[in-house]
Amino acid sequence: MRHSEEFFKDIVRHVKLKPKMTVDELIREMAGSGCFGAGRLAQAVDIYEQMLKEKALIVLGLAGAMVPGGMKNVVTEMIKRKMVNIIVSTGANMVHDLLEVFGGYHYKGTAYIDDKLLYKHGVDRVYDVFIPEVDFRESFDKPLIEIFNDIIRHKGNKIYSTPELMREIGKRIIDENSIIYNAYKYNVPIFVPTIHDSCYGLTAYEYRKYHGGERIIMDAFKDVSEFLEIIDKNNSGKKGALLIGGGVPKNFIFQAAFKVNKPYNYVIQITTDRPEPGGLSGATLEEAVSWGKVGGKASKVQVIGDATICLPIIVAAVMERFFGK
């Protein structure tokens, strides 16, 4: 019995390696294979390249411990090269960015250690990354309180959206490696929908209670209005989302498309989560189609893998295609 030819259009081409291969050359070999994680990674590079070619409005969702995990300069390079137009981030990533601006460090550690011992010695752990507890006080709390003072001094009791606050912070620092500084410099808004659920919220509390400062007033609904307006006004162009993890940034990005009835045309999600437990981070992009968040004909791929591996590879390959080797 002869099999239908429609099932056998493309053969699997085995990956060929050679000395001095570039990142994009390796990705193209993976595309030839087209299978499993390698095929999805290659597809993600193609989709990201298409976003840039189409001059799509590109939104980066930043969840997980990306700054502690060494991904900060990947994001700043994306900002500098106009490979992203908007960032939606957890508060934690922006905390760790500012921590390094003011002299704090993240150290290579281990996940296999007695955490009671780390607590005794004032060491905070993010999987296998160590951060001295003192750095949060000296390289985050104190400088941020000074920034709060300067903002109040010049702006008074203004009600801020999170992009407005991030912009005010960005204009008061200078660090070419900082996400916040480069976002300010290149006019890329940073939305932090749960900013209070981070050291920004804790420091704002300390600023008022122990330092006699005025309240830094945030309006969470203002964030929604500003983001919806950006998505809604993008009438002529296409929209793309690059989601690192999921959680609040993913939903914040997607709910806007749902509300204004303008689904995303391109979506890449890097995640290690599964859809079966019903968690948003693992929710498939096909599921998002049912909500009108992702277009039925959208170019989309869900890359199952560690973002600290996948993101640099994707960005490096796309940079090679656009900006040369």
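Trainee: Contact means heavy atoms within 4.5 Å; on that basis, which residues does Asp-24 touch, not counting residues up to four places away in sequence?

Mentor: Asp-24 touches Ala-317, Glu-320 and Arg-321. This is a predicted model, in which local features need pLDDT of at least 70 and side-chain atom pairs count only at pLDDT 80 or more, while totals for chains, interfaces and linings use all residues. Residues are numbered from 1 along each chain as its sequence is written, and side-chain values use heavy atoms, with hydrogens and water left out.

Trainee: Where does Asp-24 lie, and is Asp-24 buried or exposed?

Mentor: Asp-24 belongs to helix 1, residues 23–33; helices (H or I, at least four residues) and strands (E, at least two) are DSSP runs numbered from the N terminus. Asp-24 is buried, because its relative accessible area is 6%, and buried means under 20%, exposed over 50% and partly exposed in between, with a 1.4 Å probe and protein chains only.

Trainee: Changing topic: what is the strand order in the open sheet of three strands?

Mentor: The order is 3-5-4, with antiparallel pairing; two strands pair if DSSP finds at least two bridges between them. Strand 3 and strand 4 (123–126) are the edge strands, each pairing on one side only. Strand 3 pairs with strand 5 (residues 129–132) over two bridges, and the bridge partner of Lys-108 in strand 5 is Val-129.

Trainee: Which helix lies across strand 4 and strand 5?

Mentor: Helix 6, residues 133–155, lies across both and runs at about 55 degrees to strand 5. Axes are lines fitted to C-alpha atoms, for helices over the stretch in contact, and angles run from 0 to 180 degrees between N-to-C directions.

Trainee: How much space lies in the largest pocket?

Mentor: The largest pocket holds about 530 Å³. Of its 26 lining residues, the closest to the centre are Ala-65, Met-66, Gly-69, Asp-306 and Thr-308. Strand 3 (107–108), strand 10 (264–271) and helix 13 (307–323) each give two or more residues to that lining. On a 1 Å grid over the protein atoms alone, a pocket is an open set with protein on both sides within 12 Å along at least five of seven lines, a cavity is a set of points where a 1.4 Å probe fits but cannot get out, and lining residues have an atom within 4 Å of a point. Grid points are joined across faces, edges and corners, and a volume is the space filled by probe spheres set on the points.

Trainee: What about the second largest pocket?

Mentor: Its volume is about 240 Å³. Among its 16 lining residues, Ile-195, His-196, Gly-201, Ile-216 and Met-218 are the closest to the centre. Helix 9 (199–211) gives the most to this lining, with four residues.

Trainee: How many cavities of 30 Å³ or more are there?

Mentor: The count is one. The largest cavity holds about 70 Å³, and helix 7 (162–170) and helix 8 (179–185) each supply at least two lining residues. The residues that line it include Pro-163, Met-166, Tyr-184 and Ile-190.

How values were computed: Contact = heavy atoms within 4.5 Å.
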